[in-house]
Amino acid sequence: MHLSRIRRFQPTAHRHTAGDSFLTMSPEPVVIHLRRTLAAALLFFAVSLSCLILFGNFEHFRFFPSSHRFPNLSTVFPSQLNDADAASNEYPLEEILKEAAMEDKTVILTTLNEAWASPNSVIDLFLESFRIGYRTRRLLNHLVIIALDQRAFARCKVIHTYCFLLVSEDSDFHEEAYFMTSRYLKMMWRRIDFLRSVLEMGYNFVFTDADIMWFRDPFPRFHHDADFQIACDHFTGSSYDLENRPNGGFNFVKSNNRSIEFYKFWYSSQEVYPGYHDQDVLNFIKVDPFITDIGLKMRFLDTANFGGLCEPSKDLNQVCTMHANCCYGMDSKLHDLRIMLQDWKYYLTLPPKLKRLSVISWRVPQECSIDSLRHQGSPEMSVEED
């Protein structure tokens, strides 16, 4: 019942003088007045209760097309939502991917847990880089954030359009996953399995860690003939060289039978190499004959365009992305990410002539270094990323 339909009650025709009082009214009008007052109160209570029920559940209804959905309650009343209210997917993954995808069915994906989702943390710096990058703001329309826990999902719905909660029954990913801990390994392998499912739905994807700053549109720099192309901690100079050291935090993968079989093989290989994360296992299997047998076209991305703290890009005129890899600990990562953004903002203020001269370079790494990873109890070869 709509509030506008509440009955308006007219005053009675019985007039009183200034000396009249409620007690001097005849019994019958008093009873009628009380009944009307009680009826109005009950009607108001019923309407109010109906509105509370309606607004508490309207997100569960699917009567409206995507372009006319109601605003998210978490953006209106964020402090009044608990985890149970926020942590449910309103739409299936395939519908979210369909809305976010480019014309060629390519989406940009990142994962997020509570540790990286708090205000002024990694996810805010990540989104800021898109807003200030060269031709990157429009790419936010194609970004889907995959939340790994309930609080990350609630925060995502406040700050971004496309969010999906990836529920994991046997793992809790809300805390910071320190490099090579059991939680870290589970989270990395869960990611590989999820990305395989995206490929099986027919979507190409750019996967990016949230600690990667997007400064330029990377698509013009991708190799058009590759099924799977990946950034590197160290680039040898050739995009075909299997001696490159790939970094699993950034890759562009096309959906086809070759890439799907590759991701299945990659995921299953964790049983052959227990205790290693997905990136180390990729280093082992990239030379496996199975890759040749399925015909996968693998290419490696130049750190001049897709750099990181392991091997920073040297020319800000060429850089597309910068990754806070080779870094242990949230505080160190946030410090160097903020310096990256400051350096980029300063670069943008330069006149074109000075930009072409490459008169500035990155001031990072500062608090991040690969040495910090060598003492965290990881397998001997596992020193590439965090």
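Helices α9 and α10 are roughly perpendicular to each other, because their axes cross at roughly 110 degrees and angles of 65 to 115 degrees count as roughly perpendicular. The model is predicted, with a mean pLDDT of 80 for the chain. An open sheet of 3 strands is also described here.

**Helices α9 and α10**

- Helix α9 covers residues 257–268 and helix α10 covers residues 278–285, and their axes come within 10 Å.
- The crossing of α9 and α10 is right-handed.
- On the α9 side, the contact is made by Phe262, Phe265 and Trp266, which meet Asp278, Val281, Leu282 and Ile285 of α10.
- Sorted by class, the residues in this contact of α9 with α10 are 6 nonpolar, 1 charged and no polar.

**The sheet**

- The strand order is β5-β10-β9, and the pairing is mixed.
- Strands β5 (212–214) and β9 (306–308) form the edges, each pairing on one side only.
- Direction ignored, neighbouring strands of this sheet are turned by 20 degrees against each other on average.
- Strand β10 (residues 321–323) runs antiparallel to β5, and 3 bridges join the two.
- Met213 stands opposite Met322 in β10.

**Confidence**

- A pLDDT of 70 or more is reached by 69% of the residues of the chain.
- Residues 52–85 have pLDDT below 50, and this stretch has 29 contacts in the model beyond near neighbours in sequence.
- Over residues 375–385 the pLDDT stays under 50, and the model has 42 contacts for them beyond four places in sequence.

Key. Residues numbered from 1 in each chain as written. Predicted model: local features only at pLDDT ≥ 70, side-chain atom pairs only at ≥ 80, totals over all residues. Heavy atoms only, no water. Axes fitted to C-alpha atoms, helices over the stretch in contact; angles between N-to-C directions. Helix = DSSP H or I, 4+ residues; strand = E, 2+ residues; numbered from the N terminus. Parallel < 35°, antiparallel > 145°, perpendicular 65-115°, else oblique. Left-handed = near helix turned anticlockwise from the far one by under 90°. Contact = heavy atoms within 4.5 Å. Nonpolar A, V, L, I, M, F, W, Y, C, P; charged D, E, K, R; others polar. pLDDT = per-residue confidence, 0-100. Pairing = 2+ DSSP bridges.
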